[in-house]
Amino acid sequence: MIDIDYKAKLDEAVLQSDVVKIFDNLLTVAVERGASDIHIEPLENYCRIRIRIDGILEELVQYPKNLHESIISKFKIESGQMRPDEKRVPQDARVSSNTLTNKEIDLRANTLPTVWWECLVMRIVDKSKRIPPLEDLGIEGSNKEIVFRHLKYPNGIILMTGPTGSGKTTTLYACLDYVNKTEVNIITYEDPVENKVMGLNQAQIRSDIGFTFANGLRWWLRQDPDIMMVGEIRDRETLDMAMESAMTGHLVFSTVHTNSSAETITRVYNLWAKPYMVVGTFNVVMAERLIRRVCDHCKVKTSVSDNPKYIFAKESFRNFDKEALKKEILSRGINQQQRNDFINNGLIYTGSGKDPTTGGKCAVCEGSGYKWRIGIFEMMDYTDEIKNMLLDGKSSFEVESVALKKGMINLERDGIFKVIKGKTTLDEVYRYVKAKFEKQ
Ligand SMILES: [Zn+2]
């Protein structure tokens, strides 16, 4: 395996205290293993390097404290954007680099002075990574029907919500790629431009010189657009411009920093949007989280009937319209056996971490029981019923509760369907989704 070689070379570089070789091999190992971040950290008696894979930190190597200063100084000098002699305040830098396997990457790095010296954290943007097709992201059942229906509409707002690292940017690009045709002009305003996509007119926002999201939108109408994407709605001005664009016959994509699609209603009201404006412009609001997939190589059926999370899971379907539930199960291709295993017997798949033939550590997931990640999605479709409730002044909680009864798939429900299909575990679902109980 390509990966093992570079890890061995990294260990060797640490023994030789060869800082250049440490960086080259570290970046290569991290990118080849699909890591999103690298952490170089001093502890009390030694230092360590960890990488984040599928959302979880993993220790790669340890090294003695006397090597740490040269590692940090070397990076600061190479970046050309950090002062090597300044060790008391945080600093940041954006650097382009290449791995030993010839992959082009961008690093967003920052230092933080801690009690044991400075630590350095780097976020990796792998530019060689391609945007997966929208069909491959794991959007299933009624959620799938909702997304593809809304992508055909010529105007309105499609919003994505979720914290950093939730996969929303990838989904947004996949949607843009889906509507990307010669006949339409697509303009994006981004900060930063993370992926360059053929056929899109992508503009880099520069708030430092007055080119803000709101400013970009103002100029945008003069560029004869059909579809536009604004990286993030974080102020009233940007929201106003996005709504105005949607009302004048354009399709607008954007993101908001909220945890759920219902919370988004509260958020836009706080930015002074009136209910009639939301009703007139919103098409669909999606929320997403990336959770770990069960390792297919070592997964085994396990009983979870004693686990409190199993009770939560069953509870989340309590007020689900029976017909809608039947339809959902059918459209997701869940068979009778999978249904019975879960509902009647409390059986789900979990990764054992052990190789099924040898009984030793599973080589595919390195014993963790998980390999790769999968998105769980929530969609609030702005149906006439929801629009009427908003016009009647109903709260986001009331709107959500009605939508859930009608069969809206929220993050929890989508996660549970994926558990039933053996793709992930209840532990993963509830690591990201807080259990909510409807008051009845
Ligand atoms: Zn495994």
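Modeller: pLDDT is the predictor's confidence in each residue, from 0 to 100. The protein averages 91 on that scale, and 98% of the residues score at least 70. It's a predicted model, where local features need pLDDT of at least 70 and side-chain atom pairs 80 or more, while totals for chains, interfaces and linings use all residues. Numbering starts from 1 along each chain as its sequence is written.

Biologist: Where does pLDDT stay under 50?

Modeller: Over residues 435-440, for which the model has five contacts beyond four places in sequence. A contact means that C-beta atoms, placed from the backbone, lie within 7 Å. Where pLDDT is low, the predicted coordinates should not be read in detail.

Biologist: What are the domains here?

Modeller: Domain 1 covers 2-126, domain 2 covers 154-282 and domain 3 covers 291-432, with bounds from an automatic or database domain assignment. Taken over C-alpha atoms, the centres of domain 1 and domain 2 are 34 Å apart.

Biologist: Which residues of helix 8 and helix 14 meet?

Modeller: Ala262, Glu263, Ile265 and Thr266 in helix 8 meet Ser396, Phe397, Val399 and Glu400 in helix 14. By class, that contact has four nonpolar, two polar and two charged residues. Ala, Val, Leu, Ile, Met, Phe, Trp, Tyr, Cys and Pro count as nonpolar, Asp, Glu, Lys and Arg as charged, and the others, Gly among them, as polar.

Biologist: What makes helix 6 and helix 7 roughly parallel?

Modeller: Helix 6 (residues 213-220) and helix 7 (residues 236-247) pack at about 25°, with axes 8 Å apart. That angle falls in the parallel range, so the two are roughly parallel. In the contact, Phe213, Ala214, Leu217 and Arg218 of helix 6 join Glu237, Thr238, Met241, Ala242 and Ser245 of helix 7. They divide into five nonpolar, two polar and two charged.

Biologist: How do you know how helix 13 runs against helix 14?

Modeller: Helix 13 (residues 384-391) packs on helix 14 at about 160°, with axes 10 Å apart, and this pair is therefore roughly antiparallel. Ile386, Met389 and Leu390 in helix 13 meet Glu398, Val399, Val402 and Ala403 in helix 14. These are six nonpolar, no polar and one charged.

Notes. Contact = placed C-beta atoms within 7 Å. Helix = DSSP H or I, 4+ residues; strand = E, 2+ residues; numbered from the N terminus. Axes fitted to C-alpha atoms, helices over the stretch in contact; angles between N-to-C directions. Parallel < 35°, antiparallel > 145°, perpendicular 65-115°, else oblique.
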